[in-house]
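Biologist: Hi! Could you walk me through a couple of spots in this model?
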Amino acid sequence: MDTAEFRRRGKEMVDYVADYLENIEQRPVYPDLEPGYLRSLIPTEAPLEPESYEEIMYDVERVIMPGVTHWHSPNFFAYFPAASSYPAMLADMLCTAIGSIGFSWAASPACTELETVMLDWLGKMLHLPESFIAGTDGHGGGVIQGTASEATLMSLLAARCKAIRRVLETDATTSESEILSKLVAYTSEQAHSSVERAALIGAVMMRKVPTDERYSVREETLRKIVEEDKAAGLIPFYFCATLGTTPSCAFDRITELGPFCNKENMWMHIDAAYAGSAFICPEFRPLLNGVEYADSFNFNPHKWLLVNFDCSAMWVKKRADIIGAFKMEPLYLKHENQESGLVTDYRHWQIPLGRRFRSLKMWFVFRMYGLKGMQAHIRKQVALAKEFESLVRADKRFEICAEVVLGLVCFRLKGSNEMNQSLLKRITKSREIHLVPCQLSGRFVLRFAICARSTESRHIQQAWRHITQLAFELLQEQPH
């Protein structure tokens, strides 16, 4: 493909993408096929001779689209949103074209410097404490990770390194392996599985902390477990708080938990992967109160802030904590400006070495939407969730299972878990809308998350009519 053909095909691809998104409602939101469907549709080996672009695009519809779950369909209400906007897509094209591997400032100065400034912009939108803002002489700062899972792992490994060094300063006779065997981390029983996975990778124990009736971790419960562990000779070193849990969008009480973690010398990381985007709205910012006690904070603009995957924003209060845990300086990666104090080498802030120019997506979105445009997007989707909640509450056959704070509604048919499992099976099989379940207090619960940017009130009304029709049919079949 030469430049002339690229110009032509590029315009065609933009049209294809625009048509796909404009007409996405006409496609079943969830695929109807068996595992392994794709292998029989394409050759067993790569072609020896070049094939035409037309052949490939024909196969996109024949092979790929039948197996796509359409996350950006306004009939998709599963998991949490995967953010998407046209400015972010255009920025991603530019990122791919520039193609820099921005592991250090010298590898591409604009890639590093724009990221630092964009994380400051976003931190200021959230009214983060000054200690998290890099500025020109701050001790903290932000970085784009691939996912919240990576941010949690980075924070846990940095905390582990800091804890080991702290113990060695007071007792140089203890071996690192002995300290490691005594380290214990904590998180909510409602926390995402990636938090537990971070402890697995970090080779440390993790205790799950029981939650209250609102599925929140309280200081009193954490304190009791920490005191038990200290009495048993263990070393509590890390707590991962969640703001907006995956099952029900619950919020740990960080205003209580933060001071306790600070007193106990435990690193507090805040995972607000989904809910964090809402904190740009003044009415939702109180949900972040207590962040001043945290050592690190993370949320995903690629979930709800109109920036396409991947873009997970992470801030640390003291960059030395994270750099100190991961810094490696082979000669081939050194450059003359690295010790100037003016530059950031982001390879020290992440697991991989290479990194994409992801801050371009933030720059395009922030400028083309403005803070007011992004706030309007969040508020609209919260209002749609409230609309769905009111429909559920008006139907005596159903019940709401957790407080609706943002864009997630947890609900179920009044009755057995088996009945609700049957209802979800019927919803999935119909392929008109897509939902996933969770478990709350031993009950099988359906989650209804407002996801697509194009979701409107009519989609909420259609979805509810569909759910109630399937529920009616199911209840008619029940023995009386």
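Modeller: Happy to. One term to start with: contact means heavy atoms within 4.5 Å. Also keep in mind that this is a predicted model.

Biologist: Got it. So which residues of α1 and α2 meet?
Modeller: From α1 you have Glu 5, Arg 9, Glu 12, Met 13 and Tyr 16, and they meet Tyr 53, Glu 54, Met 57, Val 60 and Glu 61 of α2. By class, that contact has 5 nonpolar and 5 charged residues, with no polar ones.

Biologist: Which residues in α2 are buried?
Modeller: In α2, which covers residues 53–64, the buried ones are Tyr 53, Met 57, Val 60 and Val 63. Looking down the α2 axis, they fall within an arc of 145 degrees, so they line one face of the helix. Those buried residues pack against α1, residues 3–22.

Biologist: And at what angle do α1 and α2 pack?
Modeller: The angle is about 15 degrees, and the axes are 12 Å apart. An angle under 35 degrees counts as roughly parallel, so that is how α1 lies relative to α2. Their crossing is right-handed.

Biologist: Nice. Switching topic: where is Arg 358 found?
Modeller: Arg 358 is in the loop between α11 (319–326) and α12 (359–393).

Biologist: Is Arg 358 buried or exposed?
Modeller: Buried means under 20% relative accessible area, and Arg 358 has 7%, so it counts as buried.

Biologist: What is Arg 358 in contact with, leaving aside its neighbours within four places in sequence?
Modeller: With those set aside, Arg 358 is in contact with Ile 144, Gln 145, Gly 146, Asp 310 and Gln 350.

Definitions and conventions:
Residues are numbered from 1 along each chain as its sequence is written. This is a predicted model: local features need pLDDT of at least 70, side-chain atom pairs count only at pLDDT 80 or more; totals for chains, interfaces and linings use all residues. Side-chain values use heavy atoms; hydrogens and water are left out. Buried means under 20% relative accessible area, exposed over 50%, partly exposed in between (1.4 Å probe, protein chains only). Helices (H or I, at least four residues) and strands (E, at least two) are DSSP runs, numbered from the N terminus. The arc is that of the directions from the helix axis to the C-beta atoms. Axes are lines fitted to C-alpha atoms, for helices over the stretch in contact, and angles run from 0 to 180 degrees between N-to-C directions. Angles under 35 degrees count as roughly parallel, over 145 as roughly antiparallel, 65 to 115 as roughly perpendicular and the rest as oblique. A crossing is left-handed if the near helix is turned anticlockwise from the far one by less than a right angle, and right-handed if clockwise. Ala, Val, Leu, Ile, Met, Phe, Trp, Tyr, Cys and Pro count as nonpolar, Asp, Glu, Lys and Arg as charged, and the others, Gly among them, as polar.
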